[in-house]
Amino acid sequence: MVIAISVRNLSFSFNQADETALKNLSMDIEQGSRCLLVGANGAGKSTLLRILAGKRLTKGHVQVYGKDVFQNQPSGITYLGTEWAMNPVVRGDIRVSEFLDSVGGFRHKDRRDTLLNILDVDVDWRMHQISDGERRRVQLVMGLMVPWTLLLLDEVTVDLDVVVRTDLINFLIAESKERNATILYATHIFDGLFNFPTHVMHMRLGSNVGNPEPWPLVPQSPLHHIIKQSNVEASPLLKLALAWLREDLVYRREYEKSIDRQRGARSETTDSETFYSRFDYWKGK
Ligand SMILES: Nc1ncnc2c1ncn2[C@@H]1O[C@H](COP(=O)(O)OP(=O)(O)OP(=O)(O)O)[C@@H](O)[C@H]1O
């Protein structure tokens with residue numbers, strides 16, 4: 001068994017004043033796995049993916065295929081996140097075909113063309129005149145056309161229509177099987193994903209809750225019980241995610257109580273009254 005990702009006791013803060021985004025996270029992911037990261041908003045999924053992609057510098061044991069991601073960056077890591085679409089460069093007046101050529105499309109013609117078909121992209125589109133979902137499709141062609149050994153996906157299918165999303169998921173499954181490549185995928189959309197993962201990993205408050213769990217669940221897994229208890233009409237994957245995230249909510253509220261913090265509505269304070277009495281421009285309208 002080859003370990004594709006190995007992390008030991010990883011902690012990370014954005015700056016010293018901030019709470020740690022990752023706390024003592026340790027995990028091993030086998031080569032060829034397709035692991036779904038499941039966790040609430042703020043659980044640390046994106047931070048973990050960016051660190052694995054070498055985009056955030058931190059100390060500690062973070063290895064991909066046996067190489068330290070900061071000091072000896074392994075080749076073959078592709079990271080695709082949501083921030084790409086915000087980049088003004090990819091909203092410029094440039095044709096998709098020229099854009100793809102500028103990022104090496106001609107070197108990977110066969111894969112590029114396969115992806116152009118799957119993602120249903122018109123190479124004559126101009127990057128400043130397309131929808132968010134269309135821009136996302138171009139990003140996926142660009143990111144996936146170079147063969148990867150580790151693919152780090154951060155919620156990149158959110159604005160795809162269901163046909164394209166399904167075809168893309170099937171492509172990723174086939175690719176990882178054929179090339180024994182590894183995928184770590186953070187998402188909140190579990191629809192249509194039943195056949196995608198070989199593992200699911202639960203993240204909570206910057207750590208993983210246990211090791212990646214094989215998926216579909218092995219017969220003796222205690223998680224069957226959680227899924228059976230669910231009274232929601234949903235796929236087993238969504239039932240599991242719902243149960244985990246509800247559990248996390250209780251856990252987080254207890255934790256926040258212990259450090260005297262609270263989310264949600266709070267009682268009026270003198271400060272907010274002062275604020276509204278000065279700045280409520282709707283008053284009297
Ligand atoms: N730029 C930043 N500066 C300071 N703190 C940040 C920054 N980005 C994220 N955080 C904090 O780090 C923690 C983990 O954030 P992260 O984005 O990794 O979560 P996530 O699991 O990907 O969430 P989501 O599902 O909402 O994308 C959160 O508590 C968040 O507030």
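Let's start with Arg91: leaving aside neighbours within four places in sequence, this residue is in contact with Met127 and His128. Two residues are in contact here if their C-beta atoms, placed from the backbone, lie within 7 Å. Before we go on, a word about the model: it is predicted, so local features need pLDDT of at least 70 and side-chain atom pairs count only at pLDDT 80 or more, while totals for chains, interfaces and linings use all residues. Residues are numbered from 1 along each chain as its sequence is written.

Where is Arg91 found? It sits in the loop between β6 (77-80) and α2 (96-102). Helices (H or I, at least four residues) and strands (E, at least two) are DSSP runs, numbered from the N terminus. From its C-alpha atom to that of Ser221, 130 residues apart along the chain, the separation is 47 Å.

Now the whole chain. The protein chain has eight helices and eleven strands. Its C-alpha atoms fill a box of roughly 65 × 60 × 45 Å, taken along the principal axes. Of its 285 residues, 31% count as buried. And among contacts between residues at least 6 apart in sequence, 68% join residues at least 24 apart.

Next, the domains. The domain assignment gives domain 1 (1-76 + 148-220) and domain 2 (90-146), and such bounds come from an automatic or database assignment. Their centres, taken over C-alpha atoms, are separated by 25 Å. Nine residues of domain 1 are in contact with nine residues of domain 2. On the side of domain 1 that touches domain 2, we find six nonpolar, no polar and three charged residues. For these classes, Ala, Val, Leu, Ile, Met, Phe, Trp, Tyr, Cys and Pro count as nonpolar, Asp, Glu, Lys and Arg as charged, and the others, Gly among them, as polar.

Let's look inside. A nonpolar core is a set of buried Ala, Val, Leu, Ile, Met, Phe, Trp, Tyr and Cys residues joined through C-beta atoms within 7 Å. The largest one has 62 residues, and those with the most contacts inside it are Leu37, Leu52, Val141, Leu152 and Leu184. Which helix gives the largest share of this core? That is α4 (residues 132-145), with six residues. Domain 1 and domain 2 both give residues to this core, so it lies between them. As for Val141, not counting residues up to four places away in sequence, it touches Leu100, Arg112, Leu115, Leu116, Leu119 and Val121.

Some of those names come back in helix α3 (residues 109-118), whose buried residues are Arg112, Leu115 and Leu116. They cover an arc of only 105 degrees around the axis, so they are on the same side of α3; the arc is that of the directions from the helix axis to the C-beta atoms. On the other side of α3, Asp110 and Asn117 are exposed. What covers the buried residues of α3 includes α2 and α4.

Compare helix α1 (residues 45-52), which is mostly covered: six of its eight residues are buried. These are Lys45, Thr47, Leu48, Leu49, Ile51 and Leu52. Just after α1, Gly54 takes a positive phi of about 75 degrees.

What surrounds the ligand? Eleven residues do, and the closest are Phe14, Ala21, Asn41, Ser46 and Thr47. A residue counts as near a molecule if its C-beta atom, placed from the backbone, lies within 6 Å of it. By class, the shell has three nonpolar, six polar and two charged residues.

Most residues other than glycine have a negative phi, and most peptide bonds are trans. Asn9, in strand β1 (residues 3-12), has a positive phi of about 45 degrees although it is not a glycine. Asn9 is exposed, with 11 other C-beta atoms within 10 Å. Asp260 has a positive phi too, near 60 degrees, and its place is in the loop between α7 (236-258) and α8 (270-279). Finally, the peptide bond from Trp215 to Pro216 is cis, with omega near -5 degrees, and Pro216 lies in the loop between β11 (213-214) and α6 (223-229). Thanks, everyone!

Conventions:
Buried ≥ 20, exposed ≤ 12 C-beta atoms within 10 Å, placed from the backbone.
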